[in-house]
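Student: Could we go through this structure together, so that I learn where the words used to describe it come from?

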Amino acid sequence: MKKDAVAAVATPVGTGGVSMIRISGDNALEVADACFRTFSGEKLSDSPGYRAYYGKAFDGEKPIDEAVCLVFRAPHSYTGEDVAEISCHGGIFITQKILQTVFSCGASPAAPGEFTKRAFLNGKLDLSKAESVMTLISARGEQGANAAFNLLEGSLNKKITEINSSLVSVAAHLAAWVDYPDEDIEELGSAQLEKTISSASAELGKLLARFDSGMAITAGVDAAIVGKPNVGKSTLMNLLTGTERSIVTEVEGPTRDVIEETVELRGCILRISDTAGIRDTEDKVEKLGVERSRKKLERAAVVFAVFDGSSPLSDEDEAIIEMCRGRKTLPIVNKSDLKSEINISVIEDTLGSPVMLSAKSGSGFDELCDSIVKLLGTEDFDTTSAMLATERQRLCCEKAKQSLDEAVAALKCGMTNDAVGVCVDDAITALLELTGQRAGEAVLNEVFSKFCVGK
Amino acid sequence: MEYFAKKYQVAVIGAGHAGIEAGLASARLGCSTAVFTIYLDWVGNMPCNPSIGGTSKGHLVREIDALGGEMGIAADANTLQSRILNLGKGPAVHSLRAQIDRRAYSDYMKHTLEKQENLDLMQAEIVDIERIDGCWRLKTKLEAIFEAECVILATGTFLGGRVYVGDVSYESGPDGMFPAARLGEALRRMGLPIRRFKTGTPSRVNRRSVDFSALEIQHGDERVIPFSFSGKYIVSNKLPCYIAYTNEETKRVILENMDRSPLYAGKIDGKGPRYCPSIEDKIVRFKEKERHQIFIEPCGENTEELYLQGLSSSLPEDVQLKFIHTIPGLEHAHAMRAAYAIEYDCVDPLAMRADLEFNDYPGLFGAGQFNGSSGYEEAAAQGLVAGINAARKCKGLQPLVLERSGSYIGTLIDDLVTKGCSDPYRMMTSRSEYRLLLRQDNADRRLTPTGREIGLISDERYEKFLQKLELIAAEKERIRKTFIPPSDEINKMLVSRETSPLSTGARLSDLIKRPQLNYDLLATFDDTRPELPYEIFEQVEIDEKYEGYIRRQQAQVDEMHRLEVKKLPMELDYSGIAGLRLEAREKLNLVRPQNIGQASRISGVSPSDISVLLIYLEKEERNDK
């Protein structure tokens with residue numbers, strides 16, 4: 001039987017210098033080819049296997065990261081299927097970015113334990129391991145497996161069930177309306193239908209939007225400090241981390257490499273990189289640092305752009321503003337203890353209102369923290385309210401939302417309600433799979449969720 | 001004194017809608033077949049509404065026809081009025097419904113059975129059934145002994161039938177015919193899980209006594225579409241129907257007399273159909289509703305009897321008359337027959353498989369109301385499948401199991417044998433997850449190849465079917481290649497339909513895709529349009545217009561298939577599988593699902609139980625290697 005590719009991060013999330021994304025399935029190498037280009041120009045799908053390829057991961061035409069891809073051919077791989085393993089730089093943002101690209105190229109998210117499950121089904125694991133799974137299940141079965149497989153307890157489940165029941169009532173009304181044409185059942189007006197479906201979609205949208213914020217709280221986000229040399233990036237880093245780690249000098253550009261630090265700030269976890277000042281330089285070592293800084297900037301989920309308030313904006317500053325355009329950026333005007341010479345409105349126009357800070361004295365630090373939390377959306381983040389916890393849940397949620405948006409589109413263009421119903425049914429199915437109430441493939445595979453992701 | 005009469009390959013008990021299809025299918029597939037009925041003058045009787053089809057039931061009839069059954073053709077031959085219901089609600093839920101001349105339909109069916117080669121139609125009440133030496137032995141009331149390799153039970157409401165009208169009750173079959181009083185006992189003795197269901201029917205009134213000036217008239221459709229894809233009969237409208245409404249007074253009369261209803265007084269144990277409630281049920285359950293619609297339907301061309309759809313009741317005769325007379329137009333209605341409720345024996349369908357053979361009784365099949373369903377069309381659909389499978393069993397062939405994703409018949413049977421039913425099961429479009437694929441208009445495209453393979457579709461008919469497919473393909477090709485240039489005329493039309501005008505040429509297929517447009521509207525702009533039958537344009541238009549949605553639904557089917565291909569062995573003892581919850585073990589042992597997909601639909605079997613089964617299967621497979 002044909003096995004479509006699945007993918008997941010196979011290394012522990014968020015720590016370590018290297019992350020590995022495993023793609024497994026009949027079309028794994030085609031999927032890998034769609035998001036990874038070897039420097040040698042070879043196609044991974046032409047590879048005989050058991051080779052490592054150096055290249056770049058791409059999101060469409062946009063490079064994401066340099067990486068190494070290992071190719072294994074069925075049946076001699078961990079899962080017994082064709083496998084591509086992309087090893088990229090560690091850090092949540094990059095890893096998630098590549099993973100999402102892999103999904104958009106045709107792989108489905110591997111549920112927890114899926115690789116092991118496939119390995120077992122393909123005869124790569126012996127029965128004793130399968131037996132241990134059996135034991136596990138029967139142990140849980142004794143206690144009532146209903147509860148055991150109710151993937152998510154509490155708020156998310158409640159939220160999804162609530163959204164789903166509004167959709168089910170729409171579906172039920174549509175059903176009664178067609179099944180009893182003689183009972184003059186009121187037609188649900190398309191406006192009313194649209195309202196219910198749109199509001200369900202909006203609720204899912206909120207959950208999806210919270211996904212990133214949720215990640216910031218549970219797993220952490222990558223943040224980069226950028227700015228031209230000597231605007232006080234290292235001082236800021238020290239302020240945030242509370243240590244004297246970066247070398248702070250009055251001479252331009254001594255931070256020659258990227259320094260990374262994980263800090264907890266009002267409940268969210270930031271992995272902050274203090275980057276070398278971005279400027280044109282002839283110094284070879286520094287040039288390398290500058291290059292890394294640019295890359296770090298590319299990868300970061302949030303950017304702290306630092307400007308020197310005591311001098312007018314330079315071309316370099318403006319280049320940085322341009323670089324940050326359209327990204328999640330917090331502009332910071334440092335050295336507020338000195339006389340202000342800067343024209344803030346230029347920053348404001350592109351990046352929004354900056355935080356005024358004296359990294360040296362620490363004045364403005366509270367405002368900085370407020371702004372960071374606001375930027376991450378964790379400001380009012382209620383950890384007890386519904387939150388999507390995994391990429392699989394996010395995808396189910398997204399699938400449901402897409403179906404609902406298509407239902408709304410169908411209503412808007414005047415399609416008949418049977419077509420609208422198909423989309424609503426799809427959304428209901430996706431949501432039931434999210435909560436584990438439906439025995440779709442995705443939920444069935446949860447049986448192996450006792451293993452850690454990837455293995 | 002007992003005497004041996006004859007041995008058949010297949011014996012069908014009952015000549016209602018299930019028995020007819022079962023007998024015909026079996027005989028047409030070459031098996032010697034007996035069909036027994038208690039009363040020979042009412043073969044294929046319609047003891048309730050004189051109509052065939054309706055929401056989702058129309059789908060069933062067209063599927064029966066596509067597979068080579070008789071109901072669609074017989075309905076076409078005896079139609080009084082035809083309508084497509086749910087027009088404007090989308091092609092997935094369009095349903096064909098026809099008023100039928102009840103007497104003529106019954107005569108037509110009786111004659112069809114009489115003429116059928118390999119088939120013997122007989123009036124006889126079967127009073128005993130036994131399995132002796134691998135062969136079924138049937139005994140009639142007159143003590144004739146018949147033998148058969150396979151028996152199909154299609155006993156309808158005759159089996160242990162008991163009629164209730166208010167506080168009066170007596171043993172009876174439908175329409176005053178004799179009940180099958182003793183067979184139920186024999187089945188219970190054999191150990192079949194027999195239980196009691198009930199159903200009901202309204203009064204009939206004489207046309208002369210109705211004031212039509214107070215009623216809304218309802219005509220048939222202008223473009224009449226026959227049930228049968230064979231095109232054997234040209235159907236036209238002969239008689240109209242009428243609509244009346246109940247009012248506050250009707251409600252008052254009924255509520256005042258509720259204590260005289262045997263249902264509410266608890267005298268009837270049988271479970272009634274939730275989805276086809278009596279008027280007193282409707283009034284109690286939907287108190288806020290001011291009025292209920294009553295359809296007044298002709299029973300035939302040669303009778304003045306009119307059927308009052310929506311007024312089925314088990315209240316006493318005097319109360320029935322009283323509430324009928326509260327309805328404008330029926331103030332002086334003369335009732336010719338009283339409404340009644342009928343209670344009967346039927347089986348728990350969980351005891352059978354999707355081929356409609358009982359798990360523990362080889363060669364014993366059930367169909368129709370005996371299996372717990374309600375409705376002529378549901379009965380005929382099961383009769384067809386039971387007849388086909390009895391014949392296939394006699395010939396040593398694999399049984400035919402229709403998939404849920406491929407037909408309403410498959411959905412109906414899967415629901416019965418997987419989920420069971422706690423009240424008479426009525427088909428509804430909402431029972432199918434795949435409505436957009438399982439339309440009534442494409443039943444032939446879905447099922448005629450299967451009908452052909454089984455052997456119920458003639459060469460001539462199959463040839464015609466293949467031609468239709470070719471025409472559809474050619475027309476699709478044509479509209480994709482035809483470009484319509486922008487012009488004032490077309491843009492005027494487009495704007496008037498509230499859709500965007502053309503600035504450059506557009507593919508005809510893209511214009512047809514627009515929900516605001518259709519084939520008719522585009523006729524004047526489509527110079528190369530060939531002369532084709534209406535149904536070809538219909539198929540092409542639906543395929544084009546709903547393409548994206550159809551694809552979406554197909555993806556749902558594909559996902560379900562991944563579970564359906566994982567077969568479960570029939571003899572599997574689920575009590576021995578570690579990890580299954582107790583309830584799941586019991587249900588699985590009872591239903592004995594054929595595959596994981598079916599198992600996942602059993603109520604009481606959770607996703608976690610399914611996972612346990614999957615692992616068990618994989619483990620077994622590995623052990624075998």
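Tutor: Let us begin with a helix: the buried residues of α1(A) pack against several elements of chain A, namely β2 (18-24), β3 (36-38), β4, β5, β6 and α2 (92-104). Please keep in mind throughout that this is a predicted model.

Student: What makes helix α1 of chain A mostly covered?

Tutor: A residue is called buried if 20 or more other C-beta atoms lie within 10 Å of its own. In helix α1, residues 28-35 of chain A, six of the eight residues are buried, and the helix is therefore described as mostly covered. The buried ones are A28(A), L29(A), V31(A), A32(A), D33(A) and C35(A). For chain A as a whole, 49% of the 455 residues count as buried.

Student: How do you know that β4 and β5 of chain A are paired strands?

Tutor: Two strands pair if at least two bridges are found between them. Strand β4 (residues 51-59) and strand β5 (residues 62-72) of chain A are joined by nine bridges, so they count as a pair, and they run antiparallel.

Student: Which strand pairs with β5(A) over five bridges?

Tutor: That is strand β6, residues 83-89 of chain A, which pairs with β5(A) in the antiparallel sense. Across this pairing, V68(A) stands opposite S87(A) in β6(A).

Student: Why are β3 and β4 of chain B called edge strands?

Tutor: The open sheet in question has three strands in the order β3-β5-β4 (chain B), with antiparallel pairing. Strands β3 (51-53) and β4 (79-85) of chain B each pair on one side only, and that is what the name edge strand records. Neighbouring strands of this sheet are turned by 20° against each other on average, with direction ignored. Three bridges link β3(B) to strand β5 (residues 95-100) of chain B, and I52(B) stands opposite A98(B) in β5(B). Helix α2 (residues 57-67) of chain B lies across β3 and β5 of chain B, running at about 85° to β5(B).

Student: Which residues touch the most other members of the largest nonpolar core?

Tutor: Of the 179 residues in that core, they are V10(B), A11(B), V151(B) and I152(B). Leaving aside neighbours within four places in sequence, A11(B) is in contact with A34(B), W136(B), L138(B), F146(B), A148(B) and V151(B). Apart from this core lies another, of 77 residues, which includes A10(A), I23(A), A57(A) and V231(A).

Student: Where in chain A does pLDDT stay under 50?

Tutor: One such stretch is residues 244-256, for which the model has 35 contacts beyond four places in sequence. Another is residues 441-455, with 50 contacts of that kind. The mean pLDDT of chain A is 76, and 73% of its residues reach 70 or more.

How values were computed: Residues are numbered from 1 along each chain as its sequence is written. Chains are lettered from A and ligands numbered from 1 in the order in which they are written. This is a predicted model: local features need pLDDT of at least 70, side-chain atom pairs count only at pLDDT 80 or more; totals for chains, interfaces and linings use all residues. A nonpolar core is a set of buried Ala, Val, Leu, Ile, Met, Phe, Trp, Tyr and Cys residues joined through C-beta atoms within 7 Å. A residue is buried if 20 or more other C-beta atoms lie within 10 Å of its own, exposed if 12 or fewer, and partly exposed in between; C-beta atoms are placed from the backbone. Two residues are in contact if their C-beta atoms, placed from the backbone, lie within 7 Å. pLDDT is the predictor's confidence in each residue, from 0 to 100. Helices (H or I, at least four residues) and strands (E, at least two) are DSSP runs, numbered from the N terminus. Axes are lines fitted to C-alpha atoms, for helices over the stretch in contact, and angles run from 0 to 180 degrees between N-to-C directions.
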